[in-house]
Structures are given as structure tokens and as C-alpha cells.
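Here is a friendly walk through one protein model, meant to be read with the structure open beside you. Please have your viewer ready, and follow the side chains as they come up.

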Amino acid sequence: MPGEKQSAVQYYVGVDVGSASVRAALVDAFGTVVAHAEQPIQVWAPQPDHYEQSSADVWAACCSVTKEVVRGVDARQIRGLGFDATCSLVVVDKQFQPLAVNSEGQNHRNVIMWMDHRAVSQVERINATQHRVLNYVGGAMSVEMQPPKLLWIKENLPESWEKVGYFFDLPDFLSWKATGVTARSLCTVVCKWTYTSDRGWDDSFWKMIGLEDLVKDKYEKIGNHVLSPGEAVGKGLTPEAAKDLGLPEGIAVAASLIDAHAGGLGVIGADVKGHNLPCENQPITSRVAMICGTSSCHMGVSETPIFVPGVWGPYFSAMVPGLWLNEGGQSATGKLIDHVVRGHVAFPELEAKAAASARSIYTYLNSHLDLIRKSLPVGFLTVDLHVWPDFHGNRSPLTDLTLKGMVVGLTLSRGLDELALIYLATIQALALGTRHILEAMQAAGHDISTLFLCGGLSKNPLFVQMHADITGKPVVLSKEVESVLVGAAILGACASGDFASIQEAMAKMGKIGRVVQPNHEHKRFYDKKYEVFLKLVEHQREYRSIMNSL
């Protein structure tokens with residue numbers, strides 16, 4: 001914690017709600033995280049592809065971690081508060097009480113998580129309309145966006161639908177809890193709800209998909225007051241929220257961001273002078289921020305709108321004010337690696353050996369790969385082992401949620417060597433998927449030279465090196481590992497008025513830690529791996545076509 005000599009320092013609180021936990025950080029004006037806390041939150045999975053949470057549980061965790069990071073700090077030094085969260089759907093009644101999003105009638109379970117895929121039928125019908133708003137989501141809406149989930153609730157839970165007062169994206173729910181103001185962030189409504197910054201809501205879309213009742217009340221249920229990310233909400237923190245959070249009443253609260261966008265904000269604008277990077281002296285549009293945790297998002301910005309088939313956007317001012325955002329993504333990355341590793345028959349052996357050596361399972365796997373590679377580069381161990389990583393469907397650039405995962409090259413071996421190899425092949429598959437997304441963005445008009453990584457997977461050196469080698473681009477890691485929290489704090493800093501703009505705050509609070517260069521000697525091997533990668537999905541579609549002809 002800061003000492004007496006730092007008493008004049010100004011601080012900002014960033015709160016990040018992820019899929020499985022809530023984190024908070026106390027961040028100074030130079031982007032240094034001086035205190036950090038984390039608390040798990042509950043997830044219910046009542047049936048396949050259904051994932052639910054409780055907004056009360058989420059808020060309680062927000063309060064707990066915020067109190068922890070500001071303990072012992074002079075309240076007068078805390079200038080602003082920013083929230084980010086997953087793009088999950090919160091449902092409350094007219095008195096803001098939680099409403100069930102499940103057939104069991106469990107009202108406390110009132111959040112449909114971002115990764116919930118229950119609304120497959122609804123999104124197929126929405127995409128069949130070919131409405132013009134779909135041009136801004138890569139040509140096809142994802143099941144992870146909000147309109148199909150709203151339609152699912154209307155069709156499957158009529159009792160809840162009749163009682164609804166408000167639907168919030170989770171980041172907007174948090175700013176409402178803090179301020180009592182129902183304003184929505186431009187980030188959430190543009191990226192997940194089909195709002196556009198120039199035309200607002202499109203009545204014809206909602207009527208066409210059967211949700212005309214949202215239009216009738218001038219969109220009060222889904223938001224008719226929209227603020228730019230970082231803009232101050234209302235009169236700041238309410239007395240009740242101030243007590244809950246352990247913060248001073250009235251401090252500035254910022255319009256929020258989706259978690260991936262906060263990560264982008266925390267890294268993409270960093271000063272790169274002196275690091276010999278191709279993006280030095282180039283506009284920020286030459287960079288892509290990759291936020292990699294449970295899932296991954298690939299955020300690229302442009303001065304003019306670029307329409308990329310299979311990639312969400314372009315969204316105006318959804319992350320960086322004044323710039324258009326395209327957002328690629330992979331629905332399961334960290335979740336997929338965990339699934340593959342923990343589901344392997346040799347996992348108990350791995351767990352025991354990692355514990356005995358006081359290392360994490362992934363640090364142990366990385367060192368085990370070094371042992372078995374002999375004279376080969378580590379990546380070359382998978383010459384006969386290939387993975388297609390869409391175990392939870394493809395978000396970008398194929399926008400096909402029916403795609404399945406594939407593994408080619410299995411043997412009867414069941415030991416730790418084989419577990420290490422399938423782990424490596426899975427990480428490579430995710431990096432090949434990133435290359436697939438970047439190529440789609442570049443073919444449409446983006447000029448990308450450098451990757452900026454943050455999130456939990458950026459702590460894994462194998463994951464980082466494979467992304468550099470397979471994309472052929474240098475990877476920049478931020479000085480602060482918790483870039484998403486820095487991004488949330490940047491919002492609070494802007495809301496406080498201490499910075500003139502988001503861009504100024506990004507440049508001063510985002511710091512580079514280290515640069516990982518690609519090994520160009522390995523290019524031919526990964527070019528061949530990429531050829532195989534593309535063949536895998538081609539073959540999957542061929543065999544499905546054969547079976548569908550029955």
C-alpha cells in the first residue's frame with residue numbers, strides 16, 4: 001500500500017467482472033496497480049449451453065474487493081471509479097428486483113452469461129432476416145449477443161417477460177447500482193444490442209424479429225440514454241453505493257466498458273518509443289489488442305469503417321473515442337486449454353508432479369515440453385498432431401456456432417508426454433485461429449503490424465511465443481499484467497476530469513513491459529501447419545455434408 005511520502009498521489013479504482021471472479025485494483029495516475037483483490041462468483045449450468053449468474057452475488061463481490069483495495073487509503077485521494085464486465089444479460093423487474101432467466105423460477109439467477117448458447121434457434125431466425133443492422137456484426141449475429149437472448153426469454157419465459165422493467169448489459173447494471181442512473185454505455189449497446197451511434201435504435205429490426213414491445217416504450221427497457229465510455233454518470237456515487245463499496249459519496253463514476261474492451265483500452269494506446277517495433281511512428285490503427293482469458297477477443301481500430309466478413313463491427317467510438325472498432329474473437333481459449341488438459345487420463349499424474357515441484361500445471365507442462373523436445377524447436381513436436389479449436393463453435397471469422405472441435409494424430413499412448421503434446425497442439429490451434437482472424441481483417445483493409453496481449457493467458461510464455469511465431473508479428477506485453485483493470489481505472493480517471501481525453505489517459509497509464517519477437521526461421525513450418533488447419537474445417541464440412549444427405 002502507498003506510504004506517507006505518496007500522500008499527494010491520486011488514485012482510481014477499476015472493477016472487472018469476469019466469468020468466474022470479480023477483481024478490483026487501486027491504480028495511480030501512471031497506470032501502476034498498487035493494490036489488487038479478487039473474489040470468486042457463482043455460475044449455474046442447469047443444462048447444456050445454459051450458463052447463469054446472480055446480479056446480487058456479482059454486486060456483493062464488487063463491494064468486497066473494492067473495500068479491500070482502498071483499505072487504509074485517504075478517501076480524498078480516490079478520484080474516480082470505472083467498471084467493466086462480461087457482456088452478460090441482467091434481467092430485473094420494474095422495482096429493479098431480479099427476475100428468473102430459468103424455467104425453475106429461481107429469481108436470484110437473473111443473469112444469462114455471455115457464453116450461454118441457449119438461443120440458437122432465435123439467432124438463426126434473426127440472421128435469416130438479413131436486416132441491415134447485421135452488416136455491423138460481420139454479416140451474422142452471434143448467439144452470444146443480446147437480441148437472441150431477449151427473444152428466447154419472450155418465447156420461453158412469458159411470466160418473466162411480462163414482469164420485466166429493465167434489461168441491462170452487466171457493465172451497465174454496475175454503473176446503475178453505483179449511481180442510480182439507468183444510462184447505458186455506447187460500448188455495450190453498439191457492440192451487443194445493434195444500437196448505432198448515428199441512427200440509434202432501428203425500430204424495423206426489433207419489429208421484424210418479434211420484439212416490437214421494446215419499441216413501444218421508447219426503448220426504456222433496454223436504454224434510451226446513452227453515454228460514451230469514460231463519461232461521468234449522473235452525480236457520481238450514491239450514498240448507499242458509497243457505503244457498500246467503502247468509497248466516498250459523490251466520486252465520479254464512469255460509463256462502463258465490456259471487459260475485453262477495457263483490456264484493449266489498457267494496452268493498445270501505450271507509448272512504444274525505443275522498443276524497435278514496426279508500429280512505432282505509426283497510427284494506433286496498426287495495432288491489434290488481444291485480450292485472452294476464458295475466451296479471446298481481437299480488437300482493431302480504424303479511422304474509417306471497415307466491414308470484415310465474420311468479424312464484429314465496425315462500431316464507432318465503442319472503445320477508443322473517434323475510431324471505428326472491429327472485434328474478432330474465439331469463444332473458448334483458456335476454457336479450452338483447461339478442458340483438454342484436465343480431461344486427459346494423465347492429468348492426475350501431472351497434478352501430482354506439479355504440486356511436488358511447487359509449480360502450476362502449465363509451468364510444469366512447459367518445462368516438460370522442453371525435456372522431450374531434444375534438439376527440435378518445441379513447436380515442431382506437433383508435426384503429426386493437429387487440433388481444430390472450435391469446441392464451442394466458431395465466433396470469427398467463420399461465424400458458425402455449429403462447428404465442433406477436432407484432433408487429428410492421436411495414438412494409444414496415455415502418458416504425460418502425450419498430454420504435453422496435445423496441450424501444445426491446442427495452444428498452436430488457438431494461435432492459428434488468431435492468424436485466421438487477422439488475415440480476414442487485413443484482407444478487408446486493416447494494416448496490422450503488432451499484437452498487444454493482455455489477460456490471463458498472456459502470463460503463459462508458450463502461448464505468447466506461439467502467437468508471435470504463428471502470426472509472424474511481434475507481441476507486446478504490458479508492464480501491468482492486469483491490463484483490464486488498468487483499462488477500467490482509465491475510465492474512472494476520465495470521469496474524474498483529471499485527463500482531457502481517453503487517448504491521453506491511455507498513453508500515460510498504459511505501459512509496455514516486454515516484447516516477444518517471432519522466430520522467422522520457423523515460418524515455413526507454421527505456414528504448413530496453417531495449411532493443415534484450414535484443411536481441417538474443410539474436411540469437417542465435407543463429412544457433415546455427407547451425413548446430412550441421409
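A charge sits over a ring if NZ of Lys or CZ of Arg is within 6 Å of the ring centre and within 35 degrees of the ring normal. Arg118 meets that rule, lying over the face of Trp152 at 4.6 Å from the ring centre. Arg435 has its charged end over the ring of Tyr530, 4.3 Å from the centre of that ring.

A word on the source: this is a predicted model, in which local features need pLDDT of at least 70 and side-chain atom pairs count only at pLDDT 80 or more, while totals for chains, interfaces and linings use all residues. Residues are numbered from 1 along each chain as its sequence is written, and side-chain values use heavy atoms, with hydrogens and water left out.

**Aromatic rings**

A pair of aromatic rings is described by the distance of the centres and the angle of the planes. Here, rings of Phe, Tyr and Trp (its six-membered ring) pair if their centres lie within 6.5 Å; planes under 30 degrees apart are called stacked, over 60 edge-to-face, and the rest tilted. By this rule there are 21 aromatic pairs. One of them is the edge-to-face pair of Phe380 and Tyr526, with 6.5 Å from centre to centre and 80° between the planes. Phe380 lies in the loop between helix H13 (361-372) and strand S17 (386-388), and Tyr526 in helix H18 (residues 523-548), so this pair ties together parts that are 146 residues apart in sequence. Helices (H or I, at least four residues) and strands (E, at least two) are DSSP runs, numbered from the N terminus.

Tyr526 is buried, at 2% relative accessible area; buried means under 20%, exposed over 50%, and partly exposed in between, with a 1.4 Å probe and protein chains only. Tyr530 and Phe533 form a stacked pair, because their ring centres are 6.2 Å apart and their planes are at 15°. These two residues are three apart in helix H18, about one helical turn. Tyr530 is buried at 6% relative accessible area, and Phe533 is buried too, at 2%. Elsewhere, ring pairs link Phe96, Tyr166, Phe168, Phe173 and Trp176 into a cluster.

**Cysteines**

How many disulfides does a search of the whole structure find? The count is zero, where a disulfide is a pair of cysteine sulfur atoms within 2.5 Å. For Cys187, the closest cysteine sulfur is in Cys191, 4.5 Å away and too far for a bond. For Cys454, the closest one is in Cys292, at 6.6 Å, again too far. Cys187 is buried at 0% relative accessibility, and Cys454 is buried at 1%.

**Helix H11 and the cores**

In helix H11 (residues 334-342), the buried residues are Gly334, Leu336, Ile337, Val340 and Val341. Seen down the axis of H11, they fall within an arc of 160°, so they line one face of the helix; the arc is that of the directions from the helix axis to the C-beta atoms. Their cover includes helix H12 (347-356), H13, helix H14 (416-444) and helix H15 (461-471).

A nonpolar core is a set of buried Ala, Val, Leu, Ile, Met, Phe, Trp, Tyr and Cys residues joined through side-chain atoms within 4.5 Å. The largest such core has 90 residues, and Leu150, Ile153, Phe167, Trp206, Tyr315 and Met509 touch the most other members. Helix H16 (residues 483-496) gives the most to this core, with nine residues. Apart from it lies another core of 61 residues, among them Ala332, Leu350, Ala420 and Ile422. Contact means heavy atoms within 4.5 Å; not counting residues up to four places away in sequence, Trp206 touches several residues, including Pro147, Leu150, Trp193 and Tyr219.

**Backbone details**

| Peptide bond | Omega |
|---|---|
| Gly313 and Pro314, cis | about 10° |
| Ser396 and Pro397, cis | about 0° |

Pro314 is found in strand S15 (residues 312-316), whereas Pro397 is in the loop between S17 and strand S18 (406-408).

Gln130 is not a glycine, yet has a positive phi of about 55°. Gln130 is in the loop between helix H2 (120-128) and helix H3 (146-156), and is exposed at 70% relative accessibility. Asn276 also has a positive phi, near 55°. Asn276 is in the loop between helix H10 (259-267) and strand S13 (287-292) and is exposed, with a relative accessible area of 67%.
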